[in-house]
Amino acid sequence: MMSRHLVLLAAALVVATQSAAAGNDAVSRGRYLVKAADCAACHTSATGAPFAGGVELKSDFGTFYGTNITPDKEHGIGKWTADEFYAALRDGVAPDRHLYPAMPYTSYRSMSRADSDAIFAYLMQIKPAAVASKAADLKFPYNMRFGMRFWNMLFLKDALPDASAGQSPAYLRGRYLVNTMGHCAECHTPRGALGQMDGAKPLGGSAMARIAAPDITPAGLSASGWTAADLSSFLRTGVAQQGSAYGEMFAVVHLSTQHLTPGDMWAMTTYLLGDKPLPPQPLKPAPAGADASIDAGRRTYLAVCAGCHGIDGGGKPHVAVAMKGNTTVRSADPRNLIAVTLDGIEAQRFGAKESMQAMPGFAAKLSDKEIAGLSNFLRVSWGGQAGTVGESQVKGLRTAEKP
């Protein structure tokens with residue numbers, strides 16, 4: 001339980017955060033909120049103008065594309081009013097069409113009108129970009145936009161369910177940042193057959209993309225050994241002793257969470273873990289002895305992985321993260337471990353003081369059997385998991401479409 005001193009400190013951080021986020025005017029406040037809402041992740045492509053759209057978002061229903069939200073009057077939102085912008089965020093309805101929930105209005109629905117207006121004020125003063133938005137390429141019948149009216153009637157809720165419990169000022173601020181602004185549930189909550197979030201499993205993990213969004217419930221975080229300090233470090237820098245951000249989470253840290261105030265980072269951490277965090281579970285020791293598959297996996301590790309990750313799995317600073325206790329290795333679902341072994345990870349720069357070298361993919365070098373053995377060695381030796389990865393799982397990801 002938090003001491004009274006920590007509770008007062010958390011409350012002071014929340015007050016300071018809200019003051020800092022407010023800025024001197026609506027534009028300054030909107031600039032901060034655009035980062036908190038992670039707008040750039042979907043609306044700014046790697047080679048395009050800021051907020052001019054074009055980011056590809058693949059799904060089981062087809063491919064969506066981030067739209068132009070610059071103040072260009074023909075291709076962007078330059079003719080929109082603040083009321084229309086708020087309706088798009090809250091109801092998923094643009095002036096000329098219903099939006100698909102790839103735009104996370106299902107989370108933004110609980111955004112305050114003041115925050116919506118501040119974001120709109122900021123977007124209205126950025127440089128217009130005369131770039132046409134690319135139409136979504138969806139399978140039938142999902143390409144019938146009028147169906148969104150019925151989808152909203154069934155699935156659009158005023159608030160998202162909580163995965164944790166609390167009532168402190170930091171917790172309540174964190175709920176708004178995680179559930180509304182950061183729209184974390186959009187990736188981390190499993191979905192039903194029609195793309196709706198499963199309200200019975202909030203933040204319980206989802207595998208919509210090639211790299212799955214892990215379980216970030218208090219129980220899920222505890223099972224992977226996360227503490228409040230580690231989680232705050234991860235949100236601030238993208239790196240913690242449990243590993244580094246990769247895949248879409250790298251963009252989240254790079255474009256959003258690293259820019260938040262210390263108070264807001266603490267609030268997000270508080271909400272994710274709850275006011276009474278579960279203790280981090282210690283890493284289970286590897287069982288004595290090893291079968292042939294585990295021993296073969298160890299040999300593969302020593303041949304292709306140990307040079308960067310260390311013979312003992314301890315990693316190397318500024319080169320490669322530790323494998324021992326790594327949250328990807330500790331995950332009950334081996335999907336991400338298999339995927340990064342196949343595909344590799346691009347070189348990543350986490351601020352001025354930390355970076356990780358590129359990890360090569362081994363799809364062309366290792367067979368399905370070798371990757372399965374390697375995965376089992378890592379999970380059994382340094383993840384406290386069972387060595388149950390089979391060749392069929394590796395083959396399934398190897399042949400699946402890459403992003």
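Which helix does Cys-187 lie in? That one opens point 1 below; keep in mind throughout that this is a predicted model.

1. **The UniProt binding site.** Cys-187 lies in helix α9, residues 185-188. UniProt, in an unreviewed entry, lists Cys-184, Cys-187 and His-188 under "binding site". Cys-187 comes out as partly exposed, because its relative accessible area is 40%. Leaving aside residues up to four places away in sequence, Cys-187 touches Ser-206, Ala-213 and Glu-248.

2. **His-188, next on that list.** His-188 also sits in α9, but with a relative accessible area of 11% it is buried; the cut-off for buried is under 20%. Again skipping residues up to four places away in sequence, the contacts of His-188 are Leu-203, Gly-204, Gly-205, Ser-206, Ala-213, Pro-214 and Ile-216. Ser-206 and Ala-213 turn up in the contacts of both Cys-187 and His-188.

3. Between domain 2 and domain 3, the contact takes 19 residues from domain 2 and 20 residues from domain 3. UniProt's unreviewed entry, for its part, puts "domain: Cytochrome c" at residues 25-127, 169-276 and 292-382.

4. Residues 25-127 are 39% helix and 12% strand, with 19 Å between the end C-alpha atoms. For residues 169-276 the figures are 49% helix and 4% strand, and the end C-alpha atoms lie 14 Å apart.

5. You'll find Thr-270 in helix α13, residues 262-273. Thr-270 counts as buried because its relative accessibility is 4%. Its contacts, not counting residues up to four places away in sequence, are Ser-168, Ala-170, Tyr-171 and Asp-275. Thr-270 and Ala-219 are 51 residues apart in sequence, and their C-alpha atoms are 14 Å apart in space.

6. **Helix α6, the buried side of the story.** Which residues of α6 (113-123) are buried? They are Asp-115, Ser-116, Ala-118, Ile-119, Phe-120, Tyr-122 and Leu-123. These buried residues pack against α2 (26-36), α4 (82-91) and α8 (169-181).

7. Asp-117 and Arg-113 meet through their side chains in a salt bridge at 2.8 Å, N to O. They are four residues apart in the helix, so about one helical turn separates them. In an α-helix, residues three or four places apart point the same way, because there are 3.6 residues a turn. Asp-117 is partly exposed at 29% relative accessibility, and Arg-113 is partly exposed at 31%. Elsewhere, salt bridges with shared partners link Arg-90, Asp-91, Arg-109 and Asp-158 into one network.

8. **Other salt bridges.** The count comes to 16 salt bridges. One of them pairs Asp-96 with Arg-97 at 2.7 Å, N to O; here Asp-96 is exposed at 59%, while Arg-97 is partly exposed at 29%. Another joins Lys-58 and Glu-56 at 4.0 Å, N to O, which just makes it, because the limit is within 4 Å. Lys-58 is partly exposed at 37%, and Glu-56 is partly exposed at 43%.

9. **A greasy patch.** Phe-140, Met-144, Phe-146, Phe-150 and Met-153 make a nonpolar surface patch of about 630 Å². Met-153 belongs to helix α7, residues 147-155, and counts as exposed because its relative accessibility is 67%.

Notes:
Residues numbered from 1 in each chain as written. Predicted model: local features only at pLDDT ≥ 70, side-chain atom pairs only at ≥ 80, totals over all residues. Heavy atoms only, no water. UniProt positions renumbered as here; feature names shortened; annotations may be inferred. Helix = DSSP H or I, 4+ residues; strand = E, 2+ residues; numbered from the N terminus. Patch = residues over 30% accessible without salt bridge, like charges linked within 9 Å, V, L, I, M, F, W, Y side chains within 5 Å. Areas by Shrake-Rupley, 256 points an atom, 1.4 Å probe, with all protein chains shown as cover. Buried < 20%, exposed > 50% of the residue type's maximum accessible area, 1.4 Å probe, protein only. Contact = heavy atoms within 4.5 Å.
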